[in-house]
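Here is a short tour of one protein. Look over the sequence and the fold, then read on.

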Amino acid sequence: MKMQKTAYRGRIFYFRDASTFKTIPISKEIDKGFLEHSYCHFEDGVLIVDEQGKVANVGQYADMKKHLEGSQLVDYKSCLITPGFIDTHNHAAQSAIVAAYGEKLLEWLNNYVFPAESKYKNDTHAKNDLNFFIDLMLKNGTTTAVCYGPLFYAASNIFFEELQKRNMRFITGNTIMDDNSPDYLKLPTKENYDIAKKLIHKWHNKHRLSFCITPRFGLACSEEMLEMCGSLAKEYPDAYIQTHLGENTHEITAIKQRFPWSKHYLDVYDHYGLVTDRAVFGHGIHLTELELEVLKAKKSILAHCPTSNNFLGSGLFNFKRTSQYTNRITLGTDWGAGNTMSMLRVMDDAYKVAMLSGFKLPSMLRWYLATLGAARALHIDDKVGNFEKGKEADFTVIDPNATPILKYRNNQVDDIFELLFIIMSLADDRNIVATYIMGKPVYTNQAPVRGYYTSNLMAESFSGSIEQAANAEIK
Ligand SMILES: [Zn+2]
C-alpha cells in the first residue's frame with residue numbers, strides 16, 4: 001500500500017518555538033500585540049503529517065487546500081488537536097497500589113509500594129502490568145514520560161521492549177535502591193551498575209528511547225550506591241537522572257540524620273554529581289533558598305506533582321516562589337502516589353494548589369508546562385512539544401464536549417483561554433478521542449485499548465475513520 005500524507009482537521013492549539021516560560025500570555029486581556037507570537041490557535045485548522053510521521057504543515061484549513069492534495073483527511077472538526085502531553089514523573093511498577101488508603105510517604109512505601117514492586121520478579125506479571133501502564137498513559141493523551149522503571153533487569157528490559165513496540169519517545173531506567181527497604185528488593189551496588197550498563201547499551205538513544213539513572217531517593221540508597229550513580233552519570237553524560245527531593249518533612253529530617261555532612265537535601269545529590277541540567281527532581285515542595293539557588297545554577301528540572309502531593313498530604317508546592325528561581329518546572333502525575341494518569345487532572349490540581357498559596361496559575365502556562373515547556377526542559381523540543389514543521393507528530397485529540405457538563409459549559413465559551421481553562425477544570429480520559437505517535441493512532445476511544453499498537457490491527461481497527469477520511473480525500 002502506498003504511504004500517504006494524512007491531514008487532521010480540527011481546532012489546533014500549540015506553542016510556537018519562539019515562546020518561553022516568560023512570554024506565555026496570562027489572559028486574553030493582555031494577549032494583545034507581541035504575546036500572540038507565542039502560540040498558534042487555528043479554530044478550523046489542519047495538521048498535515050508526512051509519510052515519516054513528521055509534521056509537514058499546519059495552518060488554517062481554508063488556507064491549506066493546496067497542501068492537502070493527495071492526503072487522506074481525518075476529520076476531527078469539533079475536537080481540539082494538541083501536542084501529546086509530557087508527564088515528567090511517574091512510576092511504571094505502581095499501578096497495582098494506586099489509591100492505597102491512609103499513609104504518608106515513608107509508611108506508604110513500606111506497606112504498599114515495596115510489596116507491589118517485588119512482584120516484578122515474575123516476567124509475566126511484569127509484562128501485563130507494564131502494558132496496562134502504557135495503555136493507560138496513551139488513553140490519557142500522554143505520549144512522552146520520564147518514568148521510574150522496575151528494579152530488575154528482565155522487567156526493565158520488557159518495559160523498554162513494550163515502549164519500543166509503540167515507538168514512544170520515552171525516558172526511563174531501572175529504579176535503584178539498597179537501603180531502608182526490605183531485603184527482597186535490595187540489589188547490591190555492582191548488580192545495579194551491571195543492570196544499568198546493560199540497559200544503556202541495549203536501549204539508550206535507540207529508537208526514541210533514552211535511559212535515566214534512577215536512584216529512588218536519598219533514604220533508599222547507600223553512599224556507595226549514590227557514588228555508583230554519580231559515576232554512571234559521568235560515564236554517560238547524555239543519560240538523564242531522576243530522583244525525589246524535598247517531598248515530605250519527615251523525609252527531610254531523616255536525610256539530615258543520615259547525611260550529617262550535607263548542607264541540605266539537594267546537597268546529598270550534588271555531592272555525588274547528580275545535580276545536572278539533565279536531572280529531574282520530583283516534588284521539591286519543601287526547599288530552602290540555598291537549594292533553589294543550586295537548582296537554578298545547575299539548570300536542573302523540577303517535576304511538580306500536585307495530585308500526588310495532595311494524596312499523600314506532603315504539602316503545597318509554592319509555584320510563585322519557585323518560579324522566581326527557575327523556569328525549569330514541569331508537571332508530573334507521580335502515578336502510584338498520584339491517583340490519576342491524566343495530565344489534565346494534574347493541571348487542574350496545580351491550579352488549586354497555587355490558589356491555596358494565593359497565586360493564580362495561568363491556563364496557558366499550565367498547558368505549556370505539560371507540552372513544549374517539558375520538551376524544552378528535557379532538551380527534546382527540537383523533536384516534540386509542538387507542531388512546528390519537521391517535528392515528530394505525537395499528538396492527542398480532545399473532545400471538549402464529551403461529558404454533559406462540558407457540553408453545557410462550552411456553550412458559553414468564546415476564547416481559547418477559557419476553553420483551555422474549562423478543559424483543564426472538567427476533562428479527563430473520557431475526553432480523549434485518540435492519541436497518535438508519529439502520525440500513527442495508538443489509542444482511539446472507538447475500540448478497546450489493548451492490542452492497538454499492533455500495526456495490522458491498527459489499520460483495521462481504525463478503518464472507520466480512515467475510510468471516512470479516504471472518502472473525503474481532497475481532489
Ligand atoms: Zn515519585
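## Tyr14 and its neighbours

Tyr14 touches Tyr39, Cys40, Phe42, Val58, Pro83, Asn386, Phe387 and Glu388, leaving aside residues up to four places away in sequence. The model is predicted. Tyr14 sits in strand E1, which covers residues 6-15.

Tyr14 and Asn386 are 372 residues apart in sequence. In space, 5.5 Å separate Tyr14 and Asn386, C-alpha to C-alpha. Is Tyr14 buried or exposed? Tyr14 has a relative accessible area of 5%, so it counts as buried; the cut-off for buried is under 20%.

## Two domains

The domain assignment gives two parts. Domain 1 is made of 6-84 + 387-471. Domain 2 runs over 85-341. Taken over C-alpha atoms, the centres of domain 1 and domain 2 are 30 Å apart. Their contact takes 19 residues from domain 1 and 22 residues from domain 2.

How much area do domain 1 and domain 2 bury between them? The value is about 1,900 Å². Carbon and sulfur atoms carry 57% of it.

## Across the interface

The rule finds 4 salt bridges across the interface of domain 1 and domain 2. Elsewhere in the list of charged pairs, the side chains of Arg208 and Asp394 meet in a salt bridge, at 2.8 Å from N to O.

Which strands each supply at least two residues of the side of domain 1 that touches domain 2? They are strand E13 (395-398), strand E14 (432-437) and strand E15 (440-444). E14 gives the largest share of that side, 4 residues. By class, the side of domain 1 that touches domain 2 has 12 nonpolar, 3 polar and 4 charged residues.

## His283

His283 belongs to strand E10, residues 279-283. Its relative accessibility is 0%, so His283 counts as buried. The side chains of His283 and Glu247 are joined by a polar contact of 3.4 Å.

What else does His283 touch? Residues up to four places away in sequence are not counted here. The contacts are His89, His244, Leu245, Glu247, Leu302, Ala303, Cys305, Ser308, Asn309, Phe317 and Asp334.

Note on methods
Residues numbered from 1 in each chain as written. Predicted model: local features only at pLDDT ≥ 70, side-chain atom pairs only at ≥ 80, totals over all residues. Heavy atoms only, no water. Buried < 20%, exposed > 50% of the residue type's maximum accessible area, 1.4 Å probe, protein only. Polar contact = N/O pair within 3.5 Å; in protein donor to acceptor, adjacent residues only side chain to side chain. Contact = heavy atoms within 4.5 Å. Domains from an automatic or database assignment. Buried area = accessible area lost by both parts, 1.4 Å probe. Nonpolar A, V, L, I, M, F, W, Y, C, P; charged D, E, K, R; others polar.
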